[in-house]
Amino acid sequence: MRAVDIIANKRDGKELSREEIQFLVDGYVAGSIPDYQVSSWAMAVYFNGMTPGETAALTGAMLASGRVMDLSGIPGPLVDKHSTGGVGDKTSLILAPLAAALGIRDPMMSGRALGHTGGTLDKLESIPGYRTNLSIEEFRAFLKKDGFAMTGQTKDVVPADRLLYALRDVTATVESIPLITASILSKKAAEGADALVFDVKYGSGAFMKEATEGEKLARSLVAAGEAMGKKIIALLTDMDEPLGNMVGNFLEVEESLDCLEGRGPADLMEVTLELAARMAVLGKKAAGAKEGRELCEACLASGKPKEKFLANVASQGGDVKKLLELRGNWRSPFMAEVRARPPAGRDVYITRIDAFKVGHAAVSLGVGRGRIEDTVSPTAGVQFHKKRGDKVRSGGAVMTVWAASEEALAAALPSLEQAVEYGTQAPPEKKHILKEISCGRENSSGGGGRA
Ligand code: URA
């Protein structure tokens, strides 16, 4: 078999066999098939898609590229959540300790910043000392002790996703339903969760720009997950505007702590609590989402989830004392304010903050990577003072921006200025949660509120 023939088959719209897919994945992980050939194949998949059979074969080959976590002996059900990626989406940092405080174990395997979206691992690693490259033994031990553990793909566990994820990030091949499905499902199968909540995002800041595309991705994830014997619930959530008020690695850790103290921004709290409610259902702590939500709200108010978060930081090598000292005052010196410049020059409403433009600017600031070898900045990012629906006066501060360097700041500011849209009327209220999708069942959710 030759990689070039497999690329040509996909380019010409043919269905690849399980053997061809296995050959490509194995060769890539072994180093015998180079990045440029896999990039070319990924682009062919981007344009021509994959059948459900090819997607399943890719997921299986990626999973088989490494070891699977053996979580036997750890009482379940083990429940995890995975987001398809967004801007300002820090719900994982809140949900894992919240689930653990409810008595649900969450074995969480996450990713790094991808394209214009942020990554849970990069956020956690902004905590001084925090390690996300856990061995399988450490993962098991922390999961047992703290109720959750946070790790990434390693050279032992789903190495194929570690390589492909980084390659797709810099070759414009992220936005593909089969590649996203295989990437997420191979991690989820390897981490050993019994049940999964998927946060499938749509809107400018998501990989799927339209709700209809988001729904297709949700259905692909639900079908592939259930074929693996997992219990799945997917929520289709809005990602047209950044979630919460902070976008950046350490900034998002800080905002997660605010949420764990019950005082996070309304949009972030809403999405987090709705996802948490579904984790409570799958974890058999609640009979339905309403009961699950009440349980989660009471649990947050008890302060236990924050204790769980800090216990995990200490277990994974993070310096809790330093984290609390840095909270609120660790900022890059390269700073600027973006001020309201409404066209009419008078007091107006913010009608939209384009999440894609913010995410794109965040990469330039140093939050994400432009090339595989780039390192991310812990302190770069954006803090919004105003969001959609807020009234602003001309010249009033909309956001504060911190960058990894003076040049990074200059590169990002135009996109941030352009991200803010103004109008003389308040925009209509927007639902944060559009729909719930699970096997054979779907609900238009009542979740939502002012965006
Ligand atoms: N999250 C993942 O883990 N993989 C993708 O491809 C996209 C989002």
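The domain assignment of the protein chain gives domain 1 (3-48), domain 2 (79-180 + 187-324 + 432-439) and domain 3 (334-423), with bounds taken from an automatic or database domain assignment. The C-alpha centres of domain 1 and domain 3 are 38 Å apart. The model is predicted, with local features requiring pLDDT of at least 70 and side-chain atom pairs counted only at pLDDT 80 or more, while totals for chains, interfaces and linings use all residues. Residues are numbered from 1 along each chain as its sequence is written, and side-chain values use heavy atoms, with hydrogens and water left out.

The ligand sits in the largest cavity. A cavity is a set of points, on a 1 Å grid over the protein atoms alone, where a 1.4 Å probe fits but cannot get out; a molecule sits in a cavity if more than half of its atoms lie within 2 Å of its grid points. Elements giving two or more residues to the shell around the ligand are α8 (159-169) and α9 (177-191), helices being DSSP runs (H or I, at least four residues) and strands likewise (E, at least two), numbered from the N terminus. The most is given by α9, with four residues.

The surrounding residues (a heavy atom within 4 Å) are H82, T84, L114, Y165, R168, I180, S183, I184 and K187. By class, the shell holds four nonpolar, three polar and two charged residues; Ala, Val, Leu, Ile, Met, Phe, Trp, Tyr, Cys and Pro count as nonpolar, Asp, Glu, Lys and Arg as charged, and the others, Gly among them, as polar.

Polar contacts are pairs of N or O atoms within 3.5 Å. A side-chain N or O atom of H82 is 3.1 Å from a ligand oxygen, and one of S183 is 2.7 Å from a ligand nitrogen. For K187, a polar side-chain atom lies 2.6 Å from an oxygen atom of the ligand. The protein covers 97% of the 240 Å² of accessible area that the ligand has on its own (Shrake-Rupley method, 1.4 Å probe).

Two backbone features lie in loops. G76 and P77 are joined by a cis peptide bond, with omega about 0°; P77 is in the loop between α4 (52-63) and β1 (79-83). A172, although not a glycine, has a positive phi of about 55°, and is placed in the loop between α8 and α9.

Technical notes
Polar contact = N/O pair within 3.5 Å; in protein donor to acceptor, adjacent residues only side chain to side chain. 1 Å grid on protein atoms, 1.4 Å probe; cavity = no way out; pocket = protein on both sides within 12 Å on 5 of 7 lines; lining within 4 Å.
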